[in-house]
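Have the sequence and the model open as you read.

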Amino acid sequence: MSKLSKYIIGAAATAVVLFLVWYFSNVVAYVLISAVLAIIGKPLVMLLERIRIRKRHLPKWVAALLTLLVFWAFLGAFVAIFIPLVFDKLNQFSTLEIPQMIEAFRDPLMSLQEFIERTFAVGSDQFSLVDSLTKQITPLLNIDVINNMLSSIVSLIGNTAVALFSITFITFFFLKEDHLFYDMVVAVFPKKYEENISRALNSITDLLIRYFTGIVAESMIMLTVISIALLLWGMPVSNAFVIGLIMGILNVIPYIGPLIGAGISLFIGMTDPIVGYSAASMALIIGSTLLVAKGFDDFVLQPALYSNRAKAHPLEIFLVILIAGSMAGVIGMLLAIPAYNVIRVFAKEFFNNFRLVQKLTEKM
């Protein structure tokens, strides 16, 4: 068989696999999430297996079950603490009076109005920044919009319940039989590629363990640091923890996430300021707090948590995030980096004779 024929067959097989992955995307997502959870939980399973009760080690299925219970305990604690705060904040926005909110921003808005009038020679009778913002914001904070959002969240919870059951069931077997996912992947490829697949899976396992454990640790530390800092300024507990939660979650999206989180945080803080502080003062407090926290993350947390992670050019990462976001929204942006690194590992293993692949994987 000629080399061209091999490439054609390989491309056709790849296209079929990608179509099946797209067609059964929900099932594939459940399996991949379960595999990631199994990777994260594997160290705990191994630790629990060493426990001796009456001179006998814990059975692996018991260790897997206990690990799942730990996952559920963390999820339950997270939901119990933060979900009520988020719903309370949404309800608060639904009753927010637009003139009252605009009034909180009046000083900086009037300064901006004066700047626009001087720069563009526009009279106050021709353009009013306050009126324009009122017209733009009113539809966004309409009670019907908020209620529709709450209804969507309730519907999402129902779909999430099915997903959680499926993921829990699959994860249990991946934890109990740690070779199961490995065997599933190897079975897709011809036997002659088994050695290549083994190397790729070992590299991917190490990479994902570092990445996801680092992500969880980084998010929790950022959530705690930002929340405590804002509480020390006197911010209400609900606002401080909601801002901490937003920044902790969105911080995992490089470049774009922290900017989006900062914008939402400023809006929350300035519409519900600390007693005795103006909107401008709140913007300064929140902005400086987030800036210091980001510096702590960039120069302390990330070097400590990701010292051995696969490297990539910042522009490369930025483009990957934009593409993933356009394809799968926020979820795509969250999973862009680990998915890209997995693709790079397989590309390095199977297509290393291409110059583009060599260039993209040279730092791995």
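## Helix α9 against helix α10

On the α9 side, S219, M222, L223, I226, S227, L230 and L231 meet V237, A240, F241, I243, G244, L245, M247 and G248 of α10, where contact means heavy atoms within 4.5 Å. Sorted by class, this contact of α9 with α10 has eleven nonpolar, four polar and no charged residues. For the classes, Ala, Val, Leu, Ile, Met, Phe, Trp, Tyr, Cys and Pro count as nonpolar, Asp, Glu, Lys and Arg as charged, and the others, Gly among them, as polar.

Before going on, a word on the source: this is a predicted model, in which local features need pLDDT of at least 70, side-chain atom pairs count only at pLDDT 80 or more, and totals for chains, interfaces and linings use all residues. Residues are numbered from 1 along each chain as its sequence is written, and side-chain values use heavy atoms, with hydrogens and water left out.

How do the two helices run relative to each other? The axes of α9 (residues 194-232) and α10 come within 8 Å and cross at roughly 150°. That makes α9 roughly antiparallel to α10, since angles over 145 degrees get that label, under 35 is roughly parallel, 65 to 115 roughly perpendicular and the rest oblique. Axes here are lines fitted to C-alpha atoms, for helices over the stretch in contact, and angles run from 0 to 180 degrees between N-to-C directions. The crossing of α9 past α10 is right-handed.

## Helix α8 against helix α9

Helix α8 (residues 180-188) also packs on α9, at an angle of about 140° and with the axes 10 Å apart. That makes α8 oblique to α9. Here too the crossing is right-handed. Y182, V185 and V186 of α8 make the contact with E194, I197, S198 and L201 of α9. By class, that gives five nonpolar, one polar and one charged residues.

Buried means under 20% relative accessible area, exposed over 50%, and partly exposed in between (1.4 Å probe, protein chains only).

| Residue | Relative accessible area | State |
|---|---|---|
| T289 | 10% | buried |
| I215 | 14% | buried |
| V86 | 27% | partly exposed |

T289 lies in helix α12 (residues 279-305). Leaving aside neighbours within four places in sequence, T289 is in contact with A229, L230 and W233. L230 is also one of the α9 residues that meet α10.

I215 belongs to helix α9.

V86 sits in helix α3 (residues 60-94). What does V86 touch, leaving aside its neighbours within four places in sequence? The partners are V242 and L245, and L245 is among the α10 residues that meet α9. V86 and N239 are 153 residues apart in sequence, yet 9.3 Å apart in space, C-alpha to C-alpha.

## The whole chain

Stepping back, the chain has 14 helices and two strands; helices (H or I, at least four residues) and strands (E, at least two) are DSSP runs, numbered from the N terminus. Of the 364 residues, 32% are buried. Among contacts between residues at least 6 apart in sequence, 65% join residues at least 24 apart.

As for confidence, pLDDT is the predictor's own score for each residue, from 0 to 100. The chain averages 76, and 72% of the residues score at least 70.

Note on methods
A crossing is left-handed if the near helix is turned anticlockwise from the far one by less than a right angle, and right-handed if clockwise.
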